[in-house]
Amino acid sequence: MKLSARNQLKGKVVSIQEGAVNAIVGIDIGGGNVISATISMAAVKELGLETGKDAYAVIKATSVMVGVD
């Protein structure tokens, strides 16, 4: 599979908080960093996501905001 998104971070699924429609999936990308994403329960099942499995966090954004106090 090839994607246009350049931010593809490989890691391990460390958590899946299942809801009625969506789930919050945590992926440990190393260095103490965990990326969380909200995806549909259908996607969790289709991807076969389980804690401990390898997965990619793919980030595609046209803008990123940065703020300070």
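# Reading the patch, the salt bridge and the pocket

Reader: Which residues make the nonpolar surface patch of about 480 Å²?

Author: Met1, Leu3, Tyr56 and Val58 make the patch. Patches take residues with over 30% relative accessible area and no salt bridge, joining nonpolar side chains (Val, Leu, Ile, Met, Phe, Trp, Tyr) within 5 Å and like charges within 9 Å. Areas come from the Shrake-Rupley method with a 1.4 Å probe, and for residues only the protein chains shown count as cover. This is a predicted model, in which local features need pLDDT of at least 70 and side-chain atom pairs count only at pLDDT 80 or more, while totals for chains, interfaces and linings use all residues. Residues are numbered from 1 along each chain as its sequence is written, and side-chain values use heavy atoms, with hydrogens and water left out.

Reader: Is leucine 3 buried, exposed or partly exposed?

Author: Buried means under 20% relative accessible area, exposed over 50%, and partly exposed in between (1.4 Å probe, protein chains only). Leucine 3 has 35% relative accessibility, so leucine 3 counts as partly exposed. Leucine 3 is found in the segment before strand S1 (7-18). Of the 69 residues of the chain, 17% count as buried.

Reader: How many salt bridges does a search of the whole structure find?

Author: A salt bridge is a side-chain nitrogen of Lys or Arg within 4 Å of a carboxyl oxygen of Asp or Glu. The search finds one. Aspartate 54 and lysine 12 meet through their side chains at 2.8 Å, N to O. Aspartate 54 lies in strand S4 (residues 54-59) and lysine 12 in strand S1, so the pair ties together parts that are 42 residues apart in sequence. Aspartate 54 counts as partly exposed because its relative accessibility is 46%; for lysine 12, also partly exposed, the value is 41%.

Reader: What lines the largest pocket?

Author: A pocket is an open set of points on a 1 Å grid over the protein atoms alone, where a 1.4 Å probe fits, with protein on both sides within 12 Å along at least five of seven lines; lining residues have an atom within 4 Å of a point. Here 22 residues line the largest pocket, and the closest to its centre are Ile27, Leu47, Ala55, Tyr56 and Ala57. S4 gives the largest share of the lining, six residues.

Conventions:
Helix = DSSP H or I, 4+ residues; strand = E, 2+ residues; numbered from the N terminus.
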